[in-house]
2 protein chains.
Amino acid sequence: MGIFSKTCEYALRAVFFIARRTVEGNRVGIKEIASGIDSPEHFLAKILQDLTRRGIVQSVKGPNGGFYLNQQSLARPLIEVIEAVDGDGLFRDCGLGLKECSSKNPCPLHSGFLEVRNRLQSMLESITIGQFNEDLNLGIVVLKK
Amino acid sequence: MGIFSKTCEYALRAVFFIARRTVEGNRVGIKEIASGIDSPEHFLAKILQDLTRRGIVQSVKGPNGGFYLNQQSLARPLIEVIEAVDGDGLFRDCGLGLKECSSKNPCPLHSGFLEVRNRLQSMLESITIGQFNEDLNLGIVVLKK
DNA sequence: ATAATAAAAGATGTTTTTGTCTTTTATTAT
DNA sequence: ATAATAAAAGACAAAAACATCTTTTATTAT
């Protein structure tokens, strides 16, 4: 089990992929995205449909259609994608699964977790969907294998 | 989705619960553990059977039997329980699900993740199963609700 | 030895996650 | 208008996670 669901992993790789194509001035089809990030095509389609409904990615149907990102979406922090897909449980729920864990009524790991996941959260708030385009083009970072 | 599997959450709550009873000098039965940590009894039984096989908790059958922790187990870092149940994926696998993600061939989040999860890892290495017994007795920390 | 106890093991069921395949709808170029 | 294109939506299936119930085995007290 990774830190995110498989669904979320695909979503994140996909938005990075779409961002890169977008700044090149192109829309990109589901087939190309799926093969570009090594994900099951139809499964990814569902994920992107959902993100589109939520306004996190943009799409148009028909010839020359495909997915893309508007300026607002390119500037979006990664955490918005994660919360849209996996919810905010990773940042809010008790590490031991307690319903009412809080600073008033903490589980043994409460304070330790607080620090670690605040860091995770602020990291994911500071990273944007569009910030890796150049690194992706240069091959400094990758989205498959 | 929390950071750990449900199975792992139950395992962690259970070992804390057993630790507390152990230092009081008692073995504790599965029924009492399950109700003490609010978990499904038979499901927890499986989990503890597995941890027993791995030597992470101890048990004896029959009257006056039950689960307990020897000195070595009481001193065990929490990460050993987590790795026994969920594996080490949380600390090793790529956040975006790439098979070959590394510093040589990083995903966009590679370096950011490295820092956060090294912190998580060292936190879980420094906490021991037996270190919350007093806080549990005083009600400063809790294992259910 | 026997009965009672409690973990271990086995069988089975449910729900969620992940994945595939087909049909429909919207858009564009001709 | 029509045909081609590509996302959207729907139906279905496999696998994994989560959960329950029953039977067996080991241990202890009598």
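Predicted model: local features only at pLDDT ≥ 70, side-chain atom pairs only at ≥ 80, totals over all residues.
**Contacts in chain A.** I began with the contacts of chain A (heavy atoms within 4.5 Å): among those with a separation of 6 or more, 65% join residues 24 or more positions apart. Residues are numbered from 1 along each chain as its sequence is written, chains are lettered from A and ligands numbered from 1 in the order written, and side-chain values use heavy atoms, without hydrogens and water.

**Elements.** I looked up the DSSP runs (helices are H or I, at least four residues; strands are E, at least two; both numbered from the N terminus). Chain A has 8 helices and 2 strands, in the order α-α-α-β-β-α-α-α-α-α from the N terminus.

**Burial.** I found that 52% of the 145 residues of chain A count as buried (under 20% relative accessible area, 1.4 Å probe, protein chains only).

**DNA strand C.** Next I asked which residues are near this strand (a heavy atom within 4 Å). I noted 25 around DNA strand C, the closest being A:Pro40, A:Pro63, B:Gly29, B:Lys46 and B:Ser59. The largest share of the surface near DNA strand C, 4 residues, belongs to α3(B).

**Phosphate oxygens.** I then checked distances to phosphate oxygens of DNA strand C. A polar side-chain atom of A:Thr7 is 3.2 Å from one, and a side-chain N or O atom of A:Asn64 is 3.4 Å from one. For B:Ile30, I noted a polar backbone atom 3.1 Å from a phosphate oxygen.

Conventions: Buried < 20%, exposed > 50% of the residue type's maximum accessible area, 1.4 Å probe, protein only. Polar contact = N/O pair within 3.5 Å; in protein donor to acceptor, adjacent residues only side chain to side chain.
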